[in-house]
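Dear colleague,

Please find the structure below, handed over for your review. My notes on its contents follow it.

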Amino acid sequence: MADTARATGKADGGPGRARGGFGGYFDRYEAAQASGWATDLQAAQRIVVLSVLVDGEVVDQVLCDGVREDVRAALGLTSARVGFSYDIPARYFTATPHVLSFRLPDGGVLSYMGAGGVGSLAPSLAFTEPQRADLRGHLDGMAHNILRGWTLRPLGPDGATTAAGTVLITCDDVRIGLARADRMRGDVGAANDSDPCCGFEFVVPPDLRGGGPRRYRAFALPGMLELAGSPLLTTTVSDLHEVRLRTLAAGMGRLQSELARMRSELDLLLPSEGYHLEDFDRWARSYYDTLRARVVAGRALAASAGGEACATPLVSVLLPTWRPYVPDFVAAVESVIAQTYDRWELVIVDDGSKSDELTACIEAFCRQDPRIRCIRRSRNVGIARATSLAMQSARGQWTAFFDHDDLLVDVALEVMVRAAATTGALLLYSDEDKIDRGGTYREPNFKPDWNYRYLLGCNYVCHLTMVDTATMLRVGPLRREYDGAQDHDFVLRCSEILPPGRIHHVPELLYHWRITPNSTAASVSNKQYAVEAGVRCVADHLLRTGHPAQVDAIDRLSIYRVEWAPDSTGPLPAISVIVPFRDQIAITRACVLSLLRHTEYETYELVLVDNWSTAPELQEFLAEMRSEPRVRVLRIEEGFNYARLNNLAVAGSDARYFVFLNNDVRISDPRWLHRMLGEITAGSDVGIVGAKLLYPDRTVQHAGVLVGMHGVAAHPHLGLPGSEYGYVGRARLSQELMAVTGACMMVRAALFREIGGFDEVGLPVAYNDVDLCLKAHERGWRVVWCAEVLAEHLESLSRGSDLRPEQEARFFRERQVMLERWGDRAFFRQDPFYNPSLSSTGRLFYTLADPAGRAPI
């Protein structure tokens, strides 16, 4: 700076003084960057603007607003903002020399001083910069007043790259600072097979925050190579506004946490809902009153519509009879006579009862009502053949099946006929309950809508069943070899010729089973032959439909386990099992080892998705895993996004099936993949299969998902001992559901791609598995929960509870996404595999909905 002081200290005309009172030098050139200073000696507070000339042409302008304390001290200036720095544009990096100079506002040229000092002043500088390969980089955007991006520069002809080093940031074409490109960007490193430490961040100075939008640009140095994504037009937030926004956000977080706490406290403090299963008799008496009122309201609505009168087809009610308790038989017949729908006939088949009392009773009914007729058998032929005789003589358009000691609700036939007319179904079934000797209503069977997979496990359809008579005759008579399960066999055969859309569930209690000492309703052990018949009818049905399987009774009850036979016509399809993890090495190792040791399936691979783990034992674990021929490790250095991790893991996979598995699941069943594959291939329309997951204490963690419950979705039978049957066997029987958990889920690869994978934008952590299942459902695919695939699950160990304060805001957003996306769908408002008589807000399969809230029928 001694040269600077001497030069600018001259009265006039010296080397540091240009015409018009400007002083300064172009005093340094290094690594394609020129720098110096200039000031207006007559107005020192004014920032000088220099024109940049290359080869005599103006190519740019530069502000002399950089700090040069040395100049301020030497000249006694009031401001040190006189310096400038200019990076040579990359287009001048050629083998040809170029000439650089800087023009002052008055037209004078700033002298280049160079290394020789004042004695070597020149009006310009000749330079040559070697040609450089194009830089790769991107200005990604701004969040929380921080600009983010990345840069990579090729090292040589072998394709290797390194971080570009320094990035210059400008705001409205004013340089505001530099950023070092040395931050971890695993996504960039993985995508470019390069050094991952290539990211940069730049905090916008407080004085530039707030106000309107500003134009930010990012240039890699040296060379002033502008990054892709630059310029960026965006608005920042002032400190004051940011404080206010963060205060509001924190307040919302506290409110969400407080609401969650209050919800939990209310559940504990409020009295239970009015009704539950153990209080069913009281609920039923209220329900049947409201049911009748709803039927009357439905009639009134139909009349007010002004259209044609509803059709009144004849319904044949079939009543095979053999030695009933006569008072119960009388009550059964009188329940038919009492029907509000009067277009019926009752066909009684006396199957060789040889009872004078019964004969006299039947004859009296036939004389009393011409709609009642009787077919007598001289000897007993069994319920299947007796019912078949009635089927052959049915005159009605519809046929309903009825047992000789049960009861029909008085509006049963009216409700069923109305449902047939409005749905176009050819087979209809209703809910049912039981009635004991004291007239107490018990044990309601609130059924799901048509659920073929559940039907294979039990005859949940049962009573009341009404079928189009022409369809009934096409299906054929009941079969004697299945006596005791003849109705189960009949419904299975109906399913072989009827599409699902022609089978309809009427979600109303229309039928009472009579509990008597010898009835199946009292004890299935009284009819063990029926259990064996049920096993045969399910196995024979599967054989007829081309899906041979081993069928067994569970605990000698009339509920059945299906073990699908392997497909021997070709090689086993490839399955890719995806296990994401972050740290938790011991947990993940236990999961992987349980899978490797206990999986008999041959053609599978295990993809371990390392989500930016940093645990000290990581490398040892990865080395161990890489020694396993079935294991492939994929590292993804990004924030936790469960949906994206799985989407990236299956990209490019040629497997036919994907299994998404949490790292806190333990496998112990050697045939778990065989069973899941058997389930998904048992139906060409089965797209997703889930497993039964138990907590370490062997209680139920996952037995499927019901949607629309408790807001968005809920797990039924949660906490039930794993060996318990649950509601009507549903904790032990495989069945179709709207959704299953992604903790252990098999998906057809083609379906997964058709849907577009998990939603990694709107649902990065929660509900993406439910969302995937609902999208599959909308495309006509079935989702099956397989009770035969058992595994242990610690549940959400990898991400923690969604109700922790730091997670609840995210969980709340994802919950809103689900409600906005699915809330208006009929299957979300009322899950077809639940029942409207069961509460969607209380304890699932236990709390009963208020019967007064139902719509007219």
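Which strand gives the most to the lining of the second largest pocket? Strand β6 (residues 81-87) does, with 6 residues; strands are DSSP E runs of at least two residues, numbered from the N terminus.

This is a predicted model, in which local features need pLDDT of at least 70 and side-chain atom pairs pLDDT 80 or more, while totals for chains, interfaces and linings use all residues. Residues are numbered from 1 along each chain as its sequence is written, and side-chain values use heavy atoms, without hydrogens and water.

The volume of the second largest pocket is about 1100 Å³. Of its 44 lining residues, Val-62, Ser-85, Leu-168, Thr-170 and Arg-175 are the closest to its centre. A pocket is an open set of points on a 1 Å grid over the protein atoms alone, where a 1.4 Å probe fits, with protein on both sides within 12 Å along at least five of seven lines; lining residues have an atom within 4 Å of a point. The volume is the space filled by probe spheres set on the points, which are joined across faces, edges and corners.

Strands β28 (residues 549-553) and β29 (residues 560-564) run antiparallel and are joined by 5 bridges; pairing requires at least two DSSP bridges. Ala-553 has Tyr-560 in β29 as its bridge partner. The two strands form a hairpin with 6 residues between them, and Asp-555 in the turn has a positive phi of about 55°.

Yours sincerely

How values were computed
Helices (H or I, at least four residues) and strands (E, at least two) are DSSP runs, numbered from the N terminus.
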